[in-house]
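Biologist: I would like to learn how to read a chain interface, a nonpolar core and a helix. Where do we start?

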Amino acid sequence: MIWVQLVNGLMEGMMLFLIASGLTLIFGVSRIVNFAHGSLYMLGAFLTYALVPLIGPGSVAGFFASVLLAGLLTAAIGTAFEMLALRRIYGSDPLMQLIITVALVFIIRDVVRWIWGANSVMVPAPDALMGAFIINDTYYPVFPFVIFGAGLVVVLAMIGIIRFTRAGIILRAGTDDRGMAALLGVNERLIFTGVFASGSFLAGIAGGMAAPYGDVNYLLDTTVIVTAFIVCVIGGLGNLYGALAGAMLVGVTKAMGVLFFPRLSMVLIFLIMAVVLIARSLGRQGGPAR
Amino acid sequence: MITRILTGVSVLALTAGAALAADAIKVGYVTGLTGACAPISEDGLNGSKLAVEMLNASGGVLGQPLELVIRDSQTKPEEGGKQARELAAAEGISLLTGVCSSSVLLAVTEVAKEFKIPHLAIIGSTQKANIEAYNPYFIQTQANATMEALAAAEYVAKKSEWTKIAPMGFDYEWGHTSVDAFVGRLKELRPEMEIADPIFMKVGEQNMGPYVTAALSTNPDAVYAAVFGGGLVSLIKQGQSFGLFAKSNLVTLLTVDTLQSMGNAMPKERVFGVARAPFFALEQTPELAAFIEAYQAVYNEYPTDWAINGYDSMMWYAAAATAAGTTESDAVIAAFQTGSFDGLKAKGLTVRAFDGQMNAPAYVGEVNFDPSFPFPTMKNVEKFAGEALMFSEETIQAMRDAAK
């Protein structure tokens, strides 16, 4: 049972990381706290719902292709939002960020409800993914393993890009010292747009990947964003590796807590957050994304 | 000549319009059209609208047409209370109804008490409104939350092959009272039954895997889950890959909207559920058939439990006002407490005077795939009469005293 629970925890941690990584990247570079990040996740889930029947119902490749396409569409929508609205408020009052990103929360929520209705929708998953390995009468569900593996691929790709590519260098430079990067001729606008697009893509594929496992409805946005913020706070807002550690910590703590201290499992996560906030004030100000 | 006729017609239309506006019986309908309650609130409203149309087509109530004055509570108690207050103060309403969420229900019932307006509950079902927060203007037209949990316990107790049960629920008032009522009744009925420590998760939890794993770690014969909506959908979907339906059984709430949402993703067996008004398991009367047909014609789907509750309650209000011969609040309440009511979900229902509870039944059954419906339904549905599930007057008095 402990092993099954560990798988549960790691899977939830990976999903949390995919969501939180976008949030933390965007904050690290452009200092925008994107309250609409959960909405992009929800959008990814609904787009996957719409795409799966068109692309390849029942096949594993079709499912992942749909998720990828949903992520790209979400990225396109995120990019449009960044270019039309967010771009105008960089560096201004943080209250403006709140108003604009929360406005996007409401817009996406109403549009989704208008298109797909208020009831939950079911994203069909290929049967191959929904089964379980049965070892000694214990069920090890396939889906969490697959999600964890797919998430790992994304994480490694992301780390590779940030560490070894020119785009990654520019990104790190922008996070470290925006003014200096600009002086050296780096196009700030392009970085901001690129980062927002990447963050939206991550949120979109996270939503798409989780869609067949749970329930997809237009209220997913707020369900997701709170835990994502907790993860970012534990890891230090703006710190990518911190977010990875925070996500795994939250996921595994929650799962193990349910098994061993069922009455405390939810408190534990907030307890960790409180300890981090008290012990490490860096967590609140945000560290560098490296 | 033509002008004259036209003038005549428009004058007629104007007077008719004025008469309609002046004489309509206004029903304050406060429901969660947005927020967590949105999917089921809409169903309830659809059922009520249909009832109002039918009543008005046959001459209205006491010769007056009914008019729904609809407000969105946004599924927030402050907002719902405010909307109810505005309706009561400014709109001259004769009835409050439609409320979905328990917390909004408690806010609205306070307003009903203050303005002395009958309040019919059709979706929200917290027993607090019958017990601690009871006022004489409140009428609960469905089995309340504890009654549903007790029905589940009665059903589980009859499964003699089940000896170990693992309860779980959403971590808020409804989840806890449901689990407590279920466990309490089950211990009375089957003292030898092993019941695990209950597990609670936050409302709307998406990742049910850890909770399913924890519940299954005690090797239960059945898991009782006081969860609904998205959390329930996640529990059923994820439960399959953890062997929940291979090693154990699930007993939960299965209203028609959940059955529709689940569709083919519903396991073929080992899922049991409590429902309030599952149209396929009700007594198949001509009235029910006519209602289903009319509902499908307008909304293009099968009516959910909430649609039937919305319909029944408007019809019952009409019956009570007709019996009272007035829409005056105290007379209507008296008519409710002395009359007997026939609805789509059951017949010969009565309302208890000391807690406003109607002896509405709860239905418990087992998931079934009937090819004549486009979604799973239930078989072997047992109807638990309301009386057997309602707390006695002494128990309620004791609970009220304890709450003081």
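Modeller: Start with contact: two residues are in contact if their C-beta atoms, placed from the backbone, lie within 7 Å. This is a predicted model, in which local features need pLDDT of at least 70 and side-chain atom pairs count only at pLDDT 80 or more, while totals for chains, interfaces and linings use all residues. Residues are numbered from 1 along each chain as its sequence is written, and chains are lettered from A and ligands numbered from 1 in the order in which they are written.

Biologist: How many residues of chain B are in contact with chain A?

Modeller: On chain B there are 30, in contact with 30 residues of chain A. Helices here are DSSP runs (H or I, at least four residues), numbered from the N terminus. On the side of chain B that touches chain A, α8(B) gives the most, with seven residues.

Biologist: How is a nonpolar core read?

Modeller: In soluble globular proteins, nonpolar side chains tend to be buried together. A core is a set of buried Ala, Val, Leu, Ile, Met, Phe, Trp, Tyr and Cys residues joined through C-beta atoms within 7 Å; buried means 20 or more other C-beta atoms within 10 Å of a residue's own. The largest core here has 218 residues, and V108(B) is among those with the most contacts inside it. Helix α1 (residues 2–30) of chain A supplies its largest share, 16 residues.

Biologist: Which residues does V108(B) contact, leaving aside neighbours within four places in sequence?

Modeller: They include V30(B), L96(B) and H119(B).

Biologist: Why is α10(A) called largely enclosed?

Modeller: Because 13 of its 16 residues are buried. Just after α10(A), G236(A) takes a positive phi of about 95°.

Conventions
Buried ≥ 20, exposed ≤ 12 C-beta atoms within 10 Å, placed from the backbone. Helix = DSSP H or I, 4+ residues; strand = E, 2+ residues; numbered from the N terminus.
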